[in-house]
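Please consult the sequence and the model shown here while reading.

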Amino acid sequence: MVSINISGAYTSVFILDGVPGFESSHVWISIPIFLMYVIAVLGNLLMLLLVMMAPRLHSPMYYFLCTLSLTDLVLSSSIALKMLCIFWLNHKEIPFLSCLVQMFFIHCFTSLESGVLMAMAFDRYIAICNPFHYVSTLTNTLIGKMILALVIRGTIIVTPCPWMASRLPYCHSHHIPHAYCDHMAVVKLACTDTTINSAYGLTVVLIVIVFDISCIAISYVLILRAVLRLSSKNAKNKAFGTCTSFTFMFITRAFFLGGVFRHSFRRSTQENATLGLIGHIAPYIHVILSNLYLLIPPTLNPIIYGVKTKEIRTAALHFFRRSAT
């Protein structure tokens, strides 16, 4: 077992504090966390089931939705299950290797989720701007390659984070003031210079945010321009209706990705005297917000796409009617 040096003694565990300062309220905090996790699991499993059972949903857009649902299931489970153990059972210990694994899964699948939303924006761009080439362009082979490329991207850029963290000496404390093994929160406990670790972590977050959101924004600008050029009012309404849910999710995800970046920035700069307002925000607020940044999107995704997408609503109605009979 890998051990870490803390205060001259070796240990193989970290202690997750949950929400620092609110230990007595952990049970109450766990209620919305549990509800969000249940909604995320049921909603995303239903999305996967509907796409598998309805032949009309066997198209590129819904393949991307399935990938998003799988990503959300892994991401929410990676965070919420350990949180609930802390809040309900006061089980705060996490083995060092498990902490590194959780760190990898959280950051890798956050990157993957962002990439899938980028791929879905590209899908909508082809569907609206080049509808006659949609089937020939977005083949199953290309979709598979796109998803594989996103998985490889997330794996390559995130793997150095836990690897570098595993090589640091930890002698300040083994208490992580968080509810999960966030990269910046773990690195902060090291008793050596962590400039490279912090810089790399921030670079990864910034690259993902800037690249993915820029690509999504460009796609929707081109889509909007193409829609406004349509002569038929019905065609315009249909195109706008097709993109409404994706546009909403883009704005929502941009907000939450920005929140992840602000949280990471705060973690890496809280020792700096030039923090300004960022450093005056209470630590528990950052912990709660970072939990929401990662749990709300998996909870909202199936609801937004299920409500705004007619084909999914129709498939859901058929599914429940068949189940009732």
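## A nonpolar surface patch

Helix α1 gives the most to the nonpolar patch, with 5 residues. The patch lies on the surface and is formed by Val-27, Trp-28, Ile-31, Phe-34, Leu-35, Trp-88 and Leu-89, which together have about 790 Å² of accessible area. At least two of its residues come from each of α1 (26–53) and α2 (60–89). Phe-34 belongs to α1.

Patch residues have over 30% relative accessible area and no salt bridge, with nonpolar side chains (Val, Leu, Ile, Met, Phe, Trp, Tyr) joined within 5 Å and like charges within 9 Å. Accessible area follows the Shrake-Rupley method with a 1.4 Å probe, and for residues only the protein chains shown count as cover. A salt bridge places a side-chain nitrogen of Lys or Arg within 4 Å of a carboxyl oxygen of Asp or Glu.

## Basis of the model

The model is predicted: local features need pLDDT of at least 70 and side-chain atom pairs pLDDT 80 or more, while totals for chains, interfaces and linings use all residues. Residues are numbered from 1 along each chain as its sequence is written, and side-chain values use heavy atoms, without hydrogens and water. Helices are DSSP runs (H or I, at least four residues), numbered from the N terminus.

## Helix α11 and its partners

Helix α11 (residues 310–324) packs against α1 at an angle of about 90°, with the axes 10 Å apart; axes are lines fitted to C-alpha atoms over the stretch in contact, and angles run from 0 to 180 degrees between N-to-C directions. The two helices are therefore roughly perpendicular, a term covering 65 to 115 degrees. Contact (heavy atoms within 4.5 Å) involves residues including Leu-46 and Met-53 of α1 and Phe-319 and Arg-322 of α11. By class, this contact has 10 nonpolar, no polar and 1 charged residues.

Helix α10 (residues 283–308) and α11 have axes that come within 5 Å and cross at roughly 95°. Tyr-305, Gly-306, Val-307 and Lys-308 of α10 meet Lys-310, Ile-312 and Arg-313 of α11.

## Helices α5 and α8

Helix α5 (residues 140–158) and helix α8 (residues 195–228) pack at about 155°, with axes 10 Å apart. They are therefore roughly antiparallel, which applies to angles over 145 degrees.

Methods. Angles under 35 degrees count as roughly parallel, over 145 as roughly antiparallel, 65 to 115 as roughly perpendicular and the rest as oblique. Ala, Val, Leu, Ile, Met, Phe, Trp, Tyr, Cys and Pro count as nonpolar, Asp, Glu, Lys and Arg as charged, and the others, Gly among them, as polar.
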